Amino acid sequence: MLNMMIAGFASVFTLHAIAIIIIGVVIGIVFGAIPGLTATMGVALCLPLTFTMGPVYGMALLIGIYIGGCSGGLIAAILLNIPGTPASIATTFDGHPMALRGEAGKALGIGIAYSFIGGLISILILIFISPPLADVALKFTPFEYFAITIFSLTMIASVSKESIIRGLMSGVLGISFALVGSAPIDAYPRFTLGLSDLDAGFSLLPVLIGLYAVSEILKTAENKHVLLDKDVVKFSKIRGFGFSLHEFFGQTGNMIRSSLIGTGIGILPGIGGSTSNIISYLAAKNSTKHPEEFGTGIMAGVVASETANNASVGGALIPLITLGIPGDTLTAMLLGGLMIHGLTPGPLLFATNGDIVYSIFASLIIANFAMLFLEYFGIRLFIKLLKIPKYILLPIVIVLCTVGSFGLNNRTFDVWAVVVFGLIGFALSKFRFPLPPVILGFILGPILEINLRRGLMQSKGDFLPFLTRPIPAVFLLIAAASIIVSVVRSRKPKTAGAAASTD
């Protein structure tokens, strides 16, 4: 095994392999930073290029795109309030307020540094303890997945800043959008209105682009002064990554918790970074004495989101490499990359092609460092995007969003979906309904439904196993506690306000 590790690392620590990884990271950052494009698209486009490469170089390129794409989403999230990828949704909550306050450089520095740390921690977990972790995840049944998803959905209350009722309504709306299309398991069409384009339901990318990118553009276009003024965002010089050692050590607990959440959720197939960043953000918010500060532009919010979404990278690769189970579309692409070169992921991969496995691990480490340096030296370049007048920048963004949504499935229906969800997002913002619960409901709704149906099939229609099995029972109790805490917290300001008015 030691010989395989040495051979694997030696095959990647060459100028040729490092150059390929750096090119992959650059491609990934570009695809992650541009709203409408994703790392999945980048991997899909570059997958044919690996046909002529060996397995080491081919996987090195794809791994570079994977790492760069996951981290690149923070750039648009912080600067434009538009998540470049689904995994950077929560980064907008505090990252963009920091940018509006003149701390765009600091927000980017925090996001980049903790993306690196989260990714590195998950890679180390992948290398040293992936087989036992994968075995634990493999024992999860639909009952466990159902309870975990219920717990995740209770976080909607925490995302709702002003009104829990509005937040819950937004969450239900997101789940309703997810119900459109063919039902899981029996494929019965629901709410399709006779349109064949709706048989497959709405894809996540058009929904995300519409709710965040298009609605944000409409809000900006509504304000003529913001649209014409290119100096709305103030700038301040930064040293290093923009934060002090004192601030860094102050986030140690948040960093460790977010890394574990990201890695743990990454291991679970079908959930991934698009959920882990929100859950990590809400865990950070619920564990602090001052939850009201979240959403105003604080370091802890960016740390939680960016640490978790990059930690999910290593987590998602654990079941892929050890069991041959892809957790999401992107890891399915990586599975295809392995199979193109005659490699079958699973328990035997370590024994038969251990050197290739360790070359993947080495590629992950190099790609993570390449991402850190490329994005760090690009901070000042990224900030210059804010100096471009909005009436020039936003039309470019909306064109890229349109191209990205069309390129997803090569159909104009997704472009119209972007427009519709953009108008819905704009209307929700007008009536002060929060958008994050919509996305959370849309992502988690199908996971909840399919595991409920699978669990009922397994138990022959009996609901008791959802409540009596140890792990589901624990998660459901935590979910109940989360709801109670959220309700109590939401009532405190009102009670304090009423007491003040009485005095």
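Predicted model: local features only at pLDDT ≥ 70, side-chain atom pairs only at ≥ 80, totals over all residues.
Residues are numbered from 1 along each chain as its sequence is written, and side-chain values use heavy atoms, with hydrogens and water left out.

I begin with the interior. A nonpolar core here is a set of buried Ala, Val, Leu, Ile, Met, Phe, Trp, Tyr and Cys residues joined through side-chain atoms within 4.5 Å. Buried means under 20% relative accessible area, exposed means over 50%, and partly exposed lies in between, with a 1.4 Å probe and protein chains only. The largest such core has 90 residues, and Y114, L334, F361 and L364 have the most contacts inside it. Helix α4, residues 55-80, supplies the largest share of this core, 15 residues. Helices are DSSP runs of H or I with at least four residues, numbered from the N terminus.

Which residues does L334 touch, leaving aside its neighbours within four places in sequence? They are M59, L62, I63, Y66, L317 and L320, where contact means heavy atoms within 4.5 Å. Another core lies apart from the largest one and has 33 residues, including L208, L211, A300 and L444.

I turn now to the aromatic side chains. Rings of Phe, Tyr and Trp (its six-membered ring) pair if their centres lie within 6.5 Å; planes under 30 degrees apart count as stacked, over 60 as edge-to-face, and the rest as tilted. By this rule there are 19 aromatic pairs. One of them, F146 with F466, is edge-to-face, at 4.9 Å centre to centre and 65 degrees between the planes. F146 belongs to helix α7 (residues 142-154) and F466 to helix α23 (residues 464-468), so this pair ties together parts that are 320 residues apart in sequence.

F241 lies in the loop between α11 (224-228) and α12 (245-250), and Y376 in helix α18 (residues 354-377), so parts 135 residues apart in sequence are tied together. F241 is partly exposed, at 24%. Both residues belong to one aromatic cluster, together with Y114, F243, F248, F249 and F377.

Conventions
Helix = DSSP H or I, 4+ residues; strand = E, 2+ residues; numbered from the N terminus.
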